[in-house]
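Here is a short briefing on one protein model. Keep the sequence and the 3D view open as you read.

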Amino acid sequence: MSKLVLIPLFDGFQSLDVTGPLEVFAGAARYSGRDAYEVVTASIGGAVVRGSSGLRITPDIDLCSAPKPHTLIVPGGYGTLDGQPELVEWLREHAMRAERVVSVCSGVFLLAEAGLLSGRRVTTHWFACDLLARQHPDIEVDPEPIFVRDGKISTSAGVTSGIDLALALVEEDLGRECALTIARHLVMYLRRPGNQTQFSAPLKLQAAVREPLREVQQWIIEHPAAKLSVEALAERANLSPRQFTRAFTAETGMTPGRYVDRVRLETARRLLEDTNAGISRVARDCGYGTPETMRRAFIRALGVSPAEYRRRF
């Protein structure tokens with residue numbers, strides 16, 4: 001018996017949040033030889049909806065008459081900024097009847113408004129993590145992973161990460177070979193692990209307020225291979241090490257050491273993507289010193305070695 005995958009739609013949805021997972025679940029039937037999933041789209045009243053890119057979709061059914069789904073996928077998009085009160089009310093009453101509840105990108109805001117995420121760990125697009133945490137302090141927002149699974153609720157970072165999460169769900173249901181076949185046909189990796197960092201999250205989101213600290217931040221970005229001890233950075237900011245650490249952490253949300261680690265990782269990532277410099281050269285230029293030190297940093301933060309990262313990206 002096929003599993004019903006229900007995707008509620010609304011004006012302003014992000015088209016890839018819908019079509020990405022939809023292609024994965026539709027592909028499961030095509031490539032597994034089984035009637036594995038029935039994918040159904042729905043909207044309030046069955047009305048035609050228009051995505052943020054202008055794409056129009058005529059849903060299959062009226063959401064208010066939708067049967068109980070096995071997997072409920074709530075997409076994101078600029079339309080979530082409008083609150084979608086009717087959809088939120090439907091989610092509040094019906095979502096938790098599903099075996100699995102999934103959000104893609106800012107779809108997590110609709111789940112949060114419906115009161116479904118209190119006490120849970122979630123993620124969303126890096127750009128929206130701070131806003132989600134401020135609006136819903138009862139939720140643990142993790143800005144790092146591309147997707148998070150907490151009980152029956154799964155949340156993903158944004159856009160293409162919805163495909164990663166859908167592949168993980170298919171692998172859980174139908175096995176690795178089926179998921180791998182779908183991934184090959186979509187010309188993508190079977191999976192970036194859920195704990196893999198959102199690579200594109202920019203460090204500018206943690207800009208300090210005070211000018212001396214911002215100048216130190218910029219100096220770190222421009223000189224990742226320099227001596228970047230707390231003492232050296234504090235001297236540059238004309239503060240004692242203790243004052244500097246306290247002020248830097250308060251204004252950026254991370255310790256100086258953590259910030260230096262992030263800058264070096266981000267710089268190394270860009271060099272591996274955009275240049276032909278050797279691994280040893282990249283390690284020196286980014287302040288790691290040795291390739292082995294850089295390899296350990298990449299494995300710890302991204303789950304892949306520098307050589308594998310370069311091969312992928």
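Two residues are in contact when heavy atoms lie within 4.5 Å of each other. By that rule, and leaving aside neighbours within four places in sequence, Thr-41 is in contact with Ile-7, Leu-9, Leu-22, Thr-58, Pro-59, Asp-60 and Ile-61. The model is predicted. The points below start with the whole protein and then turn to single elements and residues.

**The whole protein**

- The protein has 313 residues, and 49% of them are buried.
- Its secondary structure comes to 13 helices and 11 strands.
- The C-alpha trace spans about 65 × 40 × 35 Å along its principal axes.
- Take the contacts between residues at least 6 apart in sequence: 63% of them join residues at least 24 apart.
- The protein has 38 positive and 37 negative charges.

**Strand E2: Thr-41 and Ser-43**

- Strand E2 covers residues 37–43, and Thr-41 sits in it.
- Is Thr-41 buried or exposed? Its relative accessibility is 7%, so Thr-41 counts as buried.
- Ser-43 also lies in strand E2.
- Ser-43 has a relative accessible area of 2%, which is under the 20% cut-off, so Ser-43 is buried.
- Beyond its neighbours within four places in sequence, Ser-43 is in contact with Leu-9, Val-49, Pro-59, Ile-61, Asp-62 and Leu-63.
- Ser-43 and Glu-177 are 134 residues apart along the chain. Their C-alpha atoms are separated by 33 Å.

- Ser-103 has its place in strand E7, which runs over residues 100–104.
- Ser-103 counts as buried because its relative accessibility is 0%.
- Which residues does Ser-103 contact, leaving aside its neighbours within four places in sequence? They are Val-74, Val-108, Leu-111, Ser-154, Thr-155, Ser-156 and Leu-165.
- Cys-105 lies in the loop between E7 and helix H3 (107–113).
- The phi angle of Cys-105 is near 55°. That is a positive value in a residue other than glycine.
- With 11% relative accessibility, Cys-105 counts as buried.

**Helices H7 and H9**

- Helix H7 covers residues 211–222, and helix H9 covers residues 241–252.
- The two helices pack at an angle of about 85°, and their axes are 11 Å apart.
- That angle makes H7 roughly perpendicular to H9, because angles from 65 to 115 degrees count as roughly perpendicular.
- On the H7 side, the contact is made by Leu-213, Val-216 and Gln-217.
- On the H9 side, the contact is made by Phe-244, Ala-247, Phe-248, Glu-251 and Thr-252.

**Loops around helix H8**

- His-223 lies in the loop between H7 and helix H8 (230–236).
- Its relative accessible area is 32%, so His-223 is partly exposed.
- His-223 and Cys-286 are 63 residues apart along the chain, yet their C-alpha atoms are separated by 8.1 Å.
- Asn-238 is found in the loop between H8 and H9.
- Asn-238 has a phi angle near 60°, a positive value in a residue other than glycine.
- Is Asn-238 buried or exposed? Asn-238 counts as exposed, because its relative accessibility is 71%.

- Pro-85 is found in helix H2, which covers residues 85–94.
- Pro-85 has 60% relative accessibility, which is over the 50% cut-off, so Pro-85 counts as exposed.
- Pro-85 and Ala-114 are 29 residues apart along the chain. Their C-alpha atoms are separated by 9.1 Å.
- Leu-186 lies in the loop between helix H6 (176–185) and H7.
- At 33% relative accessibility, Leu-186 counts as partly exposed.
- Leaving aside its neighbours within four places in sequence, Leu-186 is in contact with Glu-23, Val-24 and Ile-163.
- Leu-186 and Ile-163 are 23 residues apart in sequence. In space they are 9.7 Å apart, C-alpha to C-alpha.

Technical notes
Residues numbered from 1 in each chain as written. Predicted model: local features only at pLDDT ≥ 70, side-chain atom pairs only at ≥ 80, totals over all residues. Heavy atoms only, no water. Helix = DSSP H or I, 4+ residues; strand = E, 2+ residues; numbered from the N terminus. Buried < 20%, exposed > 50% of the residue type's maximum accessible area, 1.4 Å probe, protein only. Lys, Arg positive; Asp, Glu negative; His and termini not counted. Charge placed at Lys NZ, Arg CZ, Asp CG, Glu CD. Axes fitted to C-alpha atoms, helices over the stretch in contact; angles between N-to-C directions. Parallel < 35°, antiparallel > 145°, perpendicular 65-115°, else oblique.
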